[in-house]
Amino acid sequence: MERDSQKHLSGTLLAETHELFQQATKSSGAPTNRDYIVGGSHIRLQFATTALIPHLTPALAHLARPTLASTPDLTICLWDSVSSRLRVAPSSWFPAGFSLAQGFSAGDGTFTVVFNAATDTLSVLDMSRRLGFYWVADPDRLSAAERGSPFVLFLQGLVCVRGQQVLHAGVVGTPEGGVLLAGGGGAGKSTSALACLAAGMKYVSDDYCLFSPLPSPQASSLFSSGKLTDDSLRLLPVFLPHVRNPEREAGEKALFLLHDVWKGQIVGHLPIHAVLLPCVTGRRDTRLQPTSATAGVKALIPSNIFQVAAVAPAAFRMIGALLRRVACYRLEVGTEVEQIPRVIRAFLSGT
């Protein structure tokens with residue numbers, strides 16, 4: 001976008017979204033606060049009404065805290081047009097000439113704005129003020145991806161100042177430590193991670209985690225959720241009773257909110273002992289094969305560019321440092337899914 005448009009977004013848009021949030025709050029009298037500790041950071045969600053709470057908080061349940069007295073590291077103000085009855089069209093918030101039909105994103109590292117045309121959601125983050133705004137036209141239109149992994153934009157903007165990085169990766173393990181599962185969509189990350197959860201292993205994520213490189217590589221939990229394609233769900237029928245979107249659209253993954261059932265296995269963090277690159281082979285057996293750090297880079301970088309916008313030099317450095325410190329393996333995922341946790345558990349135990 002041109003510089004004038006950026007100035008508009010970082011000035012007028014922030015002021016207008018703030019004003020609309022305050023108007024939305026009047027319908028309920030006062031905002032409802034929810035506090036969370038994410039990777040050592042205090043995040044406060046301020047809901048103008050209660051309508052979005054059941055949609056956006058269950059995936060964060062394991063990180064919830066009673067209302068904290070400390071000043072939040074980031075406050076996110078949330079409202080929707082249905083419950084607040086503020087039916088303001090997003091097009092009125094932007095300069096003339098903007099086309100919102102396909103959605104867009106823009107930012108400079110301090111100020112970021114993302115509009116999703118498919119779900120009518122707007123995210124505005126101003127890290128200089130430690131303030132974010134999240135608007136939804138209709139809570140019922142939120143996708144399973146947004147309900148299972150909310151606020152990725154906001155979390156990444158916050159943690160980067162702490163030398164951390166949101167990674168698009170799964171993480172599972174044992175008391176000995178964990179492995180990071182990397183790769184693009186369809187590689188087998190979620191199938192592998194949830195097969196391990198079903199087998200009693202420790203679980204950090206199947207999709208997004210918080211990576212800290214120092215003093216040693218570690219992944220922390222962001223969301224107590226999981227997602228599977230219909231094909232993978234047939235391989236892991238234990239999750240069928242827990243599908244939260246049974247009437248999902250074609251191609252949409254089944255969503256599970258894991259905190260209530262698997263609370264004891266969802267852990268806050270695990271040290272990373274290896275990077276595994278799942279690939280579906282169609283063969284029965286699962287096995288590990290050593291591969292190069294270059295293969296790890298090729299799996300992690302493209303996936304994170306598209307899923308997290310992790311394109312900053314710091315993100316590249318963190319991924320490179322991880323792959324210099326731990327070994328990388330190809331996880332050849334077989335059709336007998338119960339072999340996946342056995343292979344990973346045996347690797348971590350050193351057998």
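**Confidence and helix packing in the predicted model**

Within the protein chain, confidence is lowest in strand 5 (residues 104-107), with a mean of 49, and highest in strand 11 (residues 177-181), at 97. These values are pLDDT, the predictor's confidence in each residue on a scale from 0 to 100; helices (H or I, at least four residues) and strands (E, at least two) are DSSP runs numbered from the N terminus. The model is predicted, and local features need pLDDT of at least 70, side-chain atom pairs count only at pLDDT 80 or more, and totals for chains, interfaces and linings use all residues. Residues are numbered from 1 along each chain as its sequence is written, and side-chain values use heavy atoms, with hydrogens and water left out.

The average pLDDT of the protein chain is 86, and 87% of the residues score at least 70. Over residues 101-105 pLDDT stays under 50, and the model has 12 contacts (heavy atoms within 4.5 Å) for this stretch beyond four places in sequence. Where pLDDT is low, the predicted coordinates should not be read in detail.

Helix 6 (residues 189-198) packs against helix 11 (residues 339-349) at an angle of about 80°, their axes lying 8 Å apart. Axes are lines fitted to C-alpha atoms, for helices over the stretch in contact, and angles run from 0 to 180 degrees between N-to-C directions. Helix 6 is therefore roughly perpendicular to helix 11, a term that covers angles of 65 to 115 degrees. On the helix 6 side, Thr191, Ser192, Ala195 and Cys196 meet Ile340, Pro341 and Ile344 of helix 11. By class, this contact of helix 6 with helix 11 has 5 nonpolar (Ala, Val, Leu, Ile, Met, Phe, Trp, Tyr, Cys and Pro), 2 polar (the others, Gly among them) and no charged (Asp, Glu, Lys and Arg) residues.

Just after helix 11, Gly350 adopts a positive phi of about 80°.

Val179 lies in strand 11 and is buried, with a relative accessible area of 0%. Beyond its neighbours within four places in sequence, Val179 contacts Gly170, Val171, Val172, Ile272, Ala274, Leu276, Ile344, Phe347 and Leu348. Val179 and Ala274 are 95 residues apart in sequence but 5.0 Å apart in space, C-alpha to C-alpha.

Helix 5 (residues 152-159) is largely enclosed by the rest of the structure, because 7 of its 8 residues are buried.

Key:
Buried < 20%, exposed > 50% of the residue type's maximum accessible area, 1.4 Å probe, protein only. Parallel < 35°, antiparallel > 145°, perpendicular 65-115°, else oblique.
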